[in-house]
Amino acid sequence: MQTARTDTLLDHDRLRDIATDVGTPTYVYDARALDAGARRWIDAVGDPSRISYAVKANFNLAVLERLAAHGIGFEAATTGEMARVLAAGVTPDRIVLGGVPKTRAAVVEGIRRGLDLIVLQARHEVEAAMEAGAMRAPDDPARVGLRVRPGIQAGAHPSLETGRADAKFGFHPSEVREAWAALSGAGGVEPTALAVHLGSGLDDLAPYAEALEVLVPIAERLAGDAAPVRELDLGGGLGVAYEDAGSDPEPVDLVRLVEDRLGGSGLAARYEPGRSIAARAGTLLTRVLYRRERDGHPALICDAGFTDFGRFALYGAEHRIEPVDGETQGEPTVEVLGPTCESGDKLGTERRLHGVRPDDLLAVRDVGAYGFVMASNYNSRPRPAEVLADGTDWKVVRARESLEDLWRGETAG
């Protein structure tokens, strides 16, 4: 039986069939693993409405639609992500517009749409929210929150640390009261939440406890203001142990920690998981173009590269790479390289893939989060296809880009 932490249900025969029919590189998402990822959080939190899936992790419409069936909400970092969620049939009252740097126009759009929550993280966003709120009916205020920068280094990759004192996100704790007071006195908006995000890929819960020790006292200080804090949005960030499918941090442990600290405070908590829901559901299929061995350094050069999956190049992330064809053999000395004009184009290093030959198929595992969403067209490479598999059935949910797609919208002369 599929559980939340086991690998995809898709066996090698199914992956071969998909690669034969669709070609490579191709992302394959296991719908049942997506279901398991959502249920894992729902079982921990209890109330699906307190869970807002982070759309930035995987924004394919079929993925969003599948997750929406579980009754959870969605956290959109941009109006583009918001538009995707709406296109997937989700109503605005299930969408959070997250606390990343936004234009005034983006804030206004969120207010106009009547979203579940708009998280503001800079003074100009507060001003935009108040201006847009003035256009709303007094009995229908827009729910807003403030993102707090807690000054915590949470142990993520430096590029993924978002709660440090020098991060570009959010208000310093000393700035919160002034912004909260401004929102409380404005018409058409209702401040309800303080929000925080510590980073992505965390394997330790201690930073969340530290964040609560910042947020709860702020909420207590605001308790006498016109608009008391009702909830804390603790963001996402729970990591995935990419080298070990059975050792991911558990949402239930995070929820227990939070509820123990908030007990008796009257504050509710909401969560914005992305990676921990979607990562395990994804596999990237790539075919070996040729083997290379120079000065005792073996390598497999594949048709997928960092334009298709950039996490090794960006973060040094070592995802499991399994031979669908061929065998795992030998010492961990094989590099897995991409085909682009960059020496840093790598999918992994130090692999036991000596039993793999040209034209064999490889499966890069646990790529359901921050995979396709970060793909690019560098070297004018069309982005890969995406497939959603549900048991024995599967379908293409994004066609592979054509060469003509590469210059769609451009003009010459």
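**Note on the predicted model**

1. Buried residues make up 56% of the 413 residues in the protein chain. Buried means under 20% relative accessible area, exposed means over 50%, and partly exposed lies in between (1.4 Å probe, protein chains only).

2. This is a predicted model: local features need pLDDT of at least 70, side-chain atom pairs count only at pLDDT 80 or more, and totals for chains, interfaces and linings use all residues. Residues are numbered from 1 along each chain as its sequence is written, and side-chain values use heavy atoms, with hydrogens and water left out.

3. The protein chain holds 11 helices and 17 strands. Both are DSSP runs, numbered from the N terminus: helices are H or I with at least four residues, strands are E with at least two.

4. Eight strands form an open sheet, in the order β2-β3-β4-β5-β6-β7-β8-β9, with parallel pairing. Two strands pair if DSSP finds at least two bridges between them. β2 (52-54) and β9 (268-270) stand at the edges; each has a single partner strand, so one side of each is left without a neighbour in the sheet. From one strand to the next, the twist averages 30°. Axes are lines fitted to C-alpha atoms, for helices over the stretch in contact, and angles run from 0 to 180 degrees between N-to-C directions.

5. Now look inside the sheet. Three bridges join β5 (residues 117-120) to β6 (residues 142-147). Val119 stands opposite Gly145 in β6. Helix α7 (residues 176-184) packs on the sheet and touches β5, β6 and β7 (189-195). Contact means heavy atoms within 4.5 Å. The direction of α7 makes about 155° with that of β7. Helix α8 (residues 206-221) also packs on the sheet, touching β7 and β8 (231-233).

6. The structure holds five aromatic pairs. Rings of Phe, Tyr and Trp (its six-membered ring) pair if their centres lie within 6.5 Å; planes under 30 degrees apart count as stacked, over 60 as edge-to-face and the rest as tilted. Phe306 and Tyr378 have ring centres 6.0 Å apart and planes at 85°, so the pair is edge-to-face. These two residues are 72 residues apart. Phe306 is partly exposed at 23% relative accessibility, and Tyr378 is partly exposed at 33%.
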